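This report covers one protein chain.

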Amino acid sequence: MSGRQHRETEMARRIRAKGLAVGQTAAQIAEEIHEACGPQFGTTKIKSHRLSHGIALADVIEQVRALFDRDAKPPPGIGETLLSAYESGLKRPGPEYLHYLCTVYRVEPVALGYDGPCICGHGHRMPGPPGDEPGEPAATAAGRARQAPQPPPREEPRPDDQEDENILRRTLLHLLNGHSAKKLDGPVLGAIEGIRRRMDETLVSSTVSYAILDQWEEATVAFGRQYTTTAPLRLLCDVVLELSAVRSAMSHRQPIDLQDRLCRMAAQLAGLSGMILINLGDHRLARSFFRTGRVAADETGDRALRAWVIARESLVPLYYGDAREALNLAKKSRDLAGHTPCAAQAMAPVVEARALAMLSSAENKKEVVDQAKRALARARTAFSHIKGEEREDMAFGYTERQLYFYQGDVLTKLGQTVEAEVVLDQALDKYQDHILDQTLIRLDLAQCRLIEGELSEALDVATEALRLLGPEYLTDFILRPAVALEQAIAKREPGHPGLAAYRALLKQPIMSEGNGGA
C-alpha cells in the first residue's frame, strides 16, 4: 500500500469509528468518508462504501460470489483488479455487477455514484444478520429480514412476446409482396419497442448450442452488409426479429463464454436497429435502441464495441438535435476507444469534426476550422490502423468511402469549398452502388456551389440528384438537407427560375422505403 493509500485508509478508519460511536449507518458513514477523502485523495463514492464497512477488496469479491451462488448462477468473473478499476473510476460496472454491488452495500446505484435505477427494479436495503446495522436491535433486524425482497422469479414466456414477433412478420411479408409502407404505424412501433424493452429486462436475468450461435453471428454480419442496400423498414423487421431470438436465449443464464457472445450480438443488433431508425426519421426510438446497445456492450467489457455504440448514437443529435450533445458523445466514444485500433477510433473524431463545423460562427471561424481539421487528421491516422475486415464493413466497421464522404461534408460546412469538392468527387466515385449516399454527396456538392455564389449550378446539381433518386427513396432523412438548400437559395434570389422545378421534386410524397445511409 502506498503512503497516499495508507493516509486515505487511516482517515476513513477514524471517520468510521466516530460514526459507529454515535450510531450512524454504513451509508451515512460512507457519505462522510466521500466528503472528507474525495477532495484530498479522489476517493469515489463506491470506494467510500467499502471503506465505511471496514472491509478489503477480497471481502467484497467473496460476498458477490456468495450472492451469485445463492441465485444459482455460474461463478462471476469479477476479481480484485476489476473491482479496483471500478473504485478508481477507470471502469463502470455492468448492470449485473452493479446490481450485486448494490446488494452487498445495501444502497441504490446513485449512492455508489451511478445514475439511474438498478436493472432489477427493486430496492437493496436487505438486512443481513440480526443487528447488522449499527444501533439496530436484533429483533427489529430479524423482523425486517422476514420481509426482505426475494430475487425476481425466472421469466416465463408471455403472450405479447409472440404477438410482437407476429406483427413484424406480417409487416415483413407485406413488404416482400411488393407493398410499400408510408410510415411506421402504431402496431409496428409498439412491437419493435416491446421487443427492445424485454431485451433490457433479460440482459441480467439470463443453453444454446455453439452451432446456433455461429448462425446468429453470421446473420448479424449479413445484416450489416445489407444496411446500405436493403429498404430500411424491411431490414428493421429482420434485425429486430433476430434480436428477439437472442433475447429468448438470454432469458436463461448461459455459460460465461456463450453469454458474452450473446451480449455482443445484442449490442450489435440493437445498435444496427438504432442506425436504421435514424434513416427512418424516428430519433426517439433510435435513442432507445442505442441505450439497449450500451447496456449489452457494457456486459461484454469490450471497449471497442462500447465505443462503436456511442459513436453511432452520436449521429442522433447530429442529425436531429443538438450539435453540442453530438460533440460530447463523440469525445466520450473517442476516449473509450483509447489506443485500441477500431472503427470508433476513426468514426468518433469525424463526428466531432462535423459537430464543430455546425457550431462554427463568424467570431470563432478560424479556431473551429483548425479544431475540425485536427480531428479529421486524427481520423485519417486512426483509419490507417484499422484491421482489414473492419475497413470493408459499413455498419460495424468504417470504410474508406465513409471517411471521404464525411470529410467532404465537414469541409463543406466549414466553407472550405475547394478542398471539399475534391474530396466529395472522390467519395462520389466510390459510392457508385449506393443511390442514397450518392444523393447526400451531390447535395453537399450543390451546397459548395451555393457558398461560391453559383446559384444556378447549385440548383442544377441538386435537381439532378433528386431526379436520379426517384420518389420511392425520398425520405425525411434526405428532405432535410434538400429543403435547407432550397430555403438558402430562395433567401438570396426568391425569383430564381430554377426554383419552381426543384420545389416540384420536393413536393413528391415522402416514403419510408429506401436504402440505409452511411
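T439 is found in helix α21; helices (H or I, at least four residues) and strands (E, at least two) are DSSP runs, numbered from the N terminus. The model is predicted: local features need pLDDT of at least 70 and side-chain atom pairs count only at pLDDT 80 or more, while totals for chains, interfaces and linings use all residues. Residues are numbered from 1 along each chain as its sequence is written, and side-chain values use heavy atoms, with hydrogens and water left out.

With a relative accessible area of 0%, T439 is buried. The classes are buried under 20% relative accessible area, exposed over 50% and partly exposed in between, using a 1.4 Å probe and protein chains only. Leaving aside neighbours within four places in sequence, T439 is in contact with A465, L466, L469 and I478, where contact means heavy atoms within 4.5 Å.

Two helix pairs are set out below. Axes are lines fitted to C-alpha atoms, for helices over the stretch in contact, and angles run from 0 to 180 degrees between N-to-C directions.

| Helix pair | Angle | Axes |
|---|---|---|
| α19 (residues 400-413) and α21 (residues 435-451) | about 25° | 10 Å apart |
| α1 (residues 3-21) and α2 (residues 26-41) | roughly 155° | within 9 Å |

The angle makes α19 roughly parallel to α21; angles under 35 degrees count as roughly parallel, over 145 as roughly antiparallel, 65 to 115 as roughly perpendicular and the rest as oblique. α19 passes α21 in a left-handed crossing, a term for a near helix turned anticlockwise from the far one by less than a right angle, right-handed being clockwise. F405, D409 and T412 of α19 make the contact with α21 residues including D437, L440 and I441. Ala, Val, Leu, Ile, Met, Phe, Trp, Tyr, Cys and Pro count as nonpolar, Asp, Glu, Lys and Arg as charged, and the others, Gly among them, as polar.

α1 and α2 are roughly antiparallel to each other, and α1 passes α2 in a right-handed crossing. Among the contact residues are R4, R7 and E8 of α1 and I29, E32 and I33 of α2. By class, the contact of α1 with α2 has nine nonpolar, two polar and five charged residues.

Q226 lies in helix α10 (residues 210-226) and counts as partly exposed, at 26% relative accessibility. Q226 and A395 are 169 residues apart in sequence and 8.8 Å apart in space, C-alpha to C-alpha.

The chain has 24 helices and zero strands. Of its 518 residues, 52% count as buried.
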